[in-house]
Amino acid sequence: MSALVAVHDVDFAYPGAPVGRRVALANLRLTVESGEILGVIGPNSAGKTTIIRLLTKVVSPSRGEIVFDGVSLAGWSRWELARHVAVVPQDMPAALPFTVEQLVLMGRYPHAPRRFFETPADLAAARAAMAETGVSELARTPVQALSGGERQRVMLARALAQEPRVLILDEPTAHLDLRYQAECIGLLRRINRERGTTVILVSHDLNLAAEVCDRLLLLAAGRVVRVGPPSDVLDAGRLSAVYGCDVTVSDNALTGRPLVQVRWPEPVARGGETGNRA
């Protein structure tokens, strides 16, 4: 595998943010290999969402450089980058005045941004994406009539219609029940394996990331804590320190991948004593 994305010593700070929260990322160094599934994990405010915004040119580094396919991201227009990088956000507005098919067809826009009407090729790509994500029967349904899980699958279909080389997903299973979680992850693995699509998965679900990803990037307070295979990154002591809670890590009996569990604290009774004492 060769590096498709390279992040060189990147800093980013949000203007106008409170002093203690101004620096979102500091000295970020990262490579994303072509064809891999990279998981981005870490507690709230670690910098995960900022990485998505940087990789899609929503914001630009305060210092350092991001390179995509050998070319500095500074030289890409946003619509040109969107032909190669697609994002599935965690949420989307429920009141969008479009049908499912219309929304999925928007994924074709970067391929011809000055065109007003879709081509047969656009329609074929959109319908193939809807079939892959199991939303073909919803094609004529208004977006505002969808459930949260249906909206998530439609947004994935729109991203697939872009035919991207890199697919970035922000909490892709957050609104899905167990069946659709399994189907979503199966689909991502198939896209990665059959199309060679590079996947960047941002998730709070450490066990999902452990099962799906080739490597993990663990962030805390805007800095890289560890990058490597799940078995290396998901260390109990490291996770306990980063997340500020007692964590255990064992091997999943079915897959051999790391299995992360939280040791839930005992309830504290009034007066400071732990509950359930004799």
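**Setting up.** I am working with a predicted model, where local features need pLDDT of at least 70 and side-chain atom pairs count only at pLDDT 80 or more, while totals for chains, interfaces and linings use all residues. Residues are numbered from 1 along each chain as its sequence is written, and side-chain values use heavy atoms, leaving out hydrogens and water.

**The sheet.** I looked up the strands (DSSP runs of E, at least two residues; helices are runs of H or I, at least four). I found 6 strands in an open sheet with mixed pairing, ordered S6-S7-S8-S3-S9-S10. Strands S6 (85-88) and S10 (223-228) each have a single partner strand, so one side of each lacks a neighbour in the sheet. Pairing here takes at least two DSSP bridges between two strands. S9 (residues 215-220) pairs with S10 in the antiparallel sense over 5 bridges, and I saw Ala 220 opposite Arg 223 in S10.

**Two helices.** Next I checked H4 (residues 120-133) and H5 (residues 148-161), whose axes (lines fitted to C-alpha atoms, for helices over the stretch in contact, with angles from 0 to 180 degrees between N-to-C directions) come within 8 Å and cross at roughly 140°. In contact (heavy atoms within 4.5 Å), I noted Ala 125 and Met 130 among the H4 residues, and Arg 153 and Leu 160 among those of H5.
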